[in-house]
Structures are given as C-alpha cells and as structure tokens.
Amino acid sequence: MTDFDFPAELKKIQKILVIGPAWIGDMMMAQSLFKLLKLRNPQVRIDVLASGWTRQLLACMPEVHDVIDMPLGHGTFGLRERRTLGKSLAGQGYDQAIVLPNSFKSAFVPFFANIPLRTGWRGELRYGLLNDVRVLDKKHFPLMVQRYAALALPKNAAPLAEFPFPELQI
C-alpha cells in the first residue's frame with residue numbers, strides 16, 4: 001500500500017474536512033480512507049463533520065484530528081443551519097473536503113465553507129456543490145470501503161484491490 005504513487009498536488013493538501021456518513025458501520029469503513037489520506041501526506045490534518053453518535057468511534061481513530069458535531073439529524077435538510085455551519089468553517093483553512101454521503105444536502109457545508117477542492121461521488125444533482133465529481137461504476141467499486149478509499153486517490157485511478165483495514169485505538 002505504501003508504494004502507491006500519489007500525484008504531487010494531492011500530497012500538498014494539508015487540511016481536509018470529511019463529511020462523514022451517518023451510520024456507525026459506514027464510519028468504521030471510512031477509516032480506510034483516513035489511513036490512505038495519511039499515506040498520501042503524513043502531516044495532513046483530518047477533521048470529520050459527523051453525527052454525535054459516531055464521536056466516540058472517531059475518537060478511537062488516530063488519523064482524525066478533530067470531530068465537528070453535525071447539529072442536524074439524519075434526514076433533516078436544514079439549509080439555513082448548513083449555511084451557518086459552512087460559513088463558520090470558512091476561515092479554518094481547509095484545502096479539500098471529501099463528502100462521503102451521496103445526498104444533495106451533504107455537499108452544502110463544504111460549498112458554503114468555500115473549500116477549494118470538494119470531492120465526492122456524483123449523486124442527487126450535486127454539480128456545482130462539488131468540483132471534483134467522481135462517477136461511480138458499481139462493477140469496479142462493488143464495496144462501500146472501496147468507494148470511500150477511492151476518494152483519496154486521483155480522479156481516474158483504478159480501484160484498489162487492497163486497502164488499509166480499520167484499527168481502533170482504545
């Protein structure tokens with residue numbers, strides 16, 4: 001895994017905001033993405049916007065620097081709250097946002113935070129909100145963990161056959 005050659009522009013990214021999935025099992029799989037981001041740049045700071053019920057799990061992932069509580073419950077649109085949260089994060093110096101949920105609403109916070117590189121899979125008309133849109137081929141990325149891991153890689157990179165497994169530190 002360490003021999004993967006990341007492009008220089010991805011290695012330079014210093015601070016990333018990950019919009020985390022709502023479910024604990026999905027968040028566990030997201031640790032493979034976090035590990036790949038650390039392989040890409042060991043000094044990268046990874047903050048995760050997540051539901052409160054995943055906070056304790058994220059605290060056991062050494063790759064995660066900070067957890068930002070998502071004030072809205074799963075399924076709540078709350079455009080005003082998403083705008084306010086995004087604007088509050090605008091001055092934090094994020095270089096990239098990686099949006100794991102495929103929902104339209106999940107891409108609003110990084111957009112309102114004016115994060116320059118906003119990466120995620122195409123879904124629910126997110127054009128404009130994301131500027132590094134990936135097109136999912138479910139035959140090449142059958143597993144959710146592969147889909148998450150692919151977001152650490154260049155846009156048209158081949159799916160990984162192997163990826164870092166989750167390892168919690170208690």
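This is a predicted model: local features need pLDDT of at least 70, side-chain atom pairs count only at pLDDT 80 or more; totals for chains, interfaces and linings use all residues.
Me: What is the phi of asparagine 114 near?

Reply: Phi is near 60°. That is a positive value in a residue other than glycine. Most residues other than glycine have a negative phi.

Me: Why is valine 18 called buried?

Reply: Buried means under 20% relative accessible area. Valine 18 has 0% relative accessibility, so it counts as buried. Valine 18 is found in strand E1.

Me: Which residues does valine 18 touch, not counting residues up to four places away in sequence?

Reply: Valine 18 touches Phe34, Ile46, Asp47, Val48, Leu49, Ile98 and Leu100. A touch here needs heavy atoms within 4.5 Å.

Me: How far apart are valine 18 and valine 64, in sequence and in space?

Reply: In sequence, they are 46 residues apart. In space, the C-alpha to C-alpha distance is 9.7 Å.

Me: How do you know that the buried residues of H4 line one face of the helix?

Reply: H4 covers residues 79-89, and its buried residues are Arg82, Leu85, Gly86 and Leu89. Seen down the helix axis, these fall within an arc of 100°, so they line one face. An α-helix has 3.6 residues a turn, so residues three or four places apart point the same way.

Me: Which residues are exposed on the other side of H4?

Reply: Arg80 and Thr84 are exposed there.

Me: What do the buried residues of H4 pack against?

Reply: They pack against three strands: E1 (15-19), E2 (45-50) and E3 (64-69). They also pack against helix H5 (108-112).

Me: Why does the radius of gyration agree with a compact globule?

Reply: With 170 residues, a compact globule would have a radius of gyration near 15 Å. The protein has 15 Å, so the two agree. Along its principal axes, the C-alpha trace spans about 45 × 40 × 30 Å.

Me: What share of the residues is buried?

Reply: Buried residues make up 49% of the 170. Of the contacts with a separation of 6 or more, 57% join residues 24 or more positions apart.

Me: How many helices and strands are there, and what pattern do they follow?

Reply: There are six helices and six strands. Along the sequence they run α-β-α-β-α-β-α-β-α-β-β-α.

Note on methods:
Residues are numbered from 1 along each chain as its sequence is written. Side-chain values use heavy atoms; hydrogens and water are left out. Helices (H or I, at least four residues) and strands (E, at least two) are DSSP runs, numbered from the N terminus. The radius of gyration is taken over C-alpha atoms; the globule rule is 2.2 Å times the number of residues to the power 0.38. Buried means under 20% relative accessible area, exposed over 50%, partly exposed in between (1.4 Å probe, protein chains only). The arc is that of the directions from the helix axis to the C-beta atoms.
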